[in-house]
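Good morning, and thank you for joining. I shall present one structure today, and I would ask you to keep the sequence and the coordinates in view as I go.

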Amino acid sequence: MNSSNSSNHTSRKTDETMQAENTSHPSTAELVRRFAVIPAANIGDAQERIGVASSLSPTWTGAKLAGPAFTVWTRPGDNLNIHKALDEAKPGDVIVVNGGGDQSRALIGDLIGIRAKSLGLAGFVIDGAVRDADALAECGLPVFARSVTPAGPYKFGPGRLQLPVAIDGVVVSPGDIVVADADGVVVVRREEAEQVLAEAEKIEAGEAAKRVAFASVV
């Protein structure tokens, strides 16, 4: 085999190997798509009931989200770094904010919500308060928070972006998968996402089969 044929064979082998690797591990987008249709409760069960931020609730009925975390650590009652996050987050991201659990000042309202929606963000998870709940519902942006208050935020800082943060006692690192629905928020570590997803899908399928069986008895 001449050097040219050998090079072509090696190139084809490399391409095939890369394709095999790509097909063996789902992308983040694929993981998010599949997690998005599984109840947060099933996902929590799939990871031994840890990683659950159940004190954070949807600000409007029917809100759901799923996406990779873009993390923000801010001084309680201050949203300067949330504005900075909007400039850096990518479409599909969930902005996760450690606001210290403070409920005296809303960290976002409808203006930030409308902007986030226009940027294609998946939503917000905030360990703190928000406001303009009706307007957030109207614009359709899923927001999960500790409470709602009409009091507005300060904009002085300090804060940090894209480092591990805590929400309701749960550690969230950039890129972790965040899923939220009416039951609350669950966080899946990115490096464990495939394993948790497989178990969550198994749990959901098992529960669906039980519902059918129970209904047939009635």
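In which sense do strand β5 and β6 pair, and over how many bridges? Before I answer, please note that this is a predicted model. Strand β5, residues 123-130, pairs with β6 in the parallel sense, and the pairing extends over five bridges. Within that pairing, V125 stands opposite F144 in β6.

The secondary structure comprises seven helices and 11 strands. Of the 218 residues in the protein, 41% are buried. Among contacts with a separation of 6 or more, 76% are between residues 24 or more positions apart.

Which strands pair with β11? One is strand β10, residues 177-181, which pairs with β11 in the antiparallel sense over five bridges. In this pairing, V178 has V187 as its bridge partner. β10 and β11 form a hairpin, with two residues between them. The other partner I would mention is β1, which is also antiparallel to β11 and pairs with it over two bridges. There, the bridge partner of A53 in β11 is V185.

Now to the question of open space. Rolling a probe the size of a water molecule over the atoms shows where empty space is left. In this model, the largest pocket holds about 160 Å³ of space. It is lined by 13 residues, and those closest to its centre are N79, G109, L111, I112 and R131. Which helix gives the most to this lining? It is helix α5, residues 110-118, which contributes three residues. Sorted by class, the lining consists of six nonpolar, three polar and four charged residues.

A29 lies in helix α2, residues 28-35. With a relative accessibility of 57%, A29 counts as exposed, because the threshold for that class is over 50%. The C-alpha atom of A29 is separated by 8.7 Å from that of P68, although the two residues are 39 apart along the chain. N81, by contrast, has its place in helix α4, residues 80-88. Why does N81 count as buried? Its relative accessibility is 5%, and the class takes in residues under 20%, so N81 belongs to it. Neighbours within four places in sequence aside, N81 is in contact with V72, G157, P158, G159, R160 and L161.

Two of those contact residues lead to my final topic, the backbone geometry. Most residues other than glycine have a negative phi, and most peptide bonds are trans. Where does this model depart from that pattern? The peptide bond from G157 to P158 is cis, with omega near 0°. P158 itself lies in the loop between β6 and β7, the latter being residues 159-161.

As for phi, E48 has a positive value of about 60° although it is not a glycine. E48 is found in the loop between α3, residues 40-46, and β1, residues 52-53. With a relative accessible area of 68%, E48 is exposed.

D132 likewise has a positive phi of about 60° without being a glycine. At a relative accessible area of 31%, D132 is partly exposed.

Definitions and conventions:
Residues are numbered from 1 along each chain as its sequence is written. This is a predicted model: local features need pLDDT of at least 70, side-chain atom pairs count only at pLDDT 80 or more; totals for chains, interfaces and linings use all residues. Side-chain values use heavy atoms; hydrogens and water are left out. Two strands pair if DSSP finds at least two bridges between them. Helices (H or I, at least four residues) and strands (E, at least two) are DSSP runs, numbered from the N terminus. On a 1 Å grid over the protein atoms alone, a cavity is a set of points where a 1.4 Å probe fits but cannot get out, and a pocket is an open set with protein on both sides within 12 Å along at least five of seven lines; lining residues have an atom within 4 Å of a point. Grid points are joined across faces, edges and corners, and a volume is the space filled by probe spheres set on the points. Ala, Val, Leu, Ile, Met, Phe, Trp, Tyr, Cys and Pro count as nonpolar, Asp, Glu, Lys and Arg as charged, and the others, Gly among them, as polar. Buried means under 20% relative accessible area, exposed over 50%, partly exposed in between (1.4 Å probe, protein chains only). Contact means heavy atoms within 4.5 Å.
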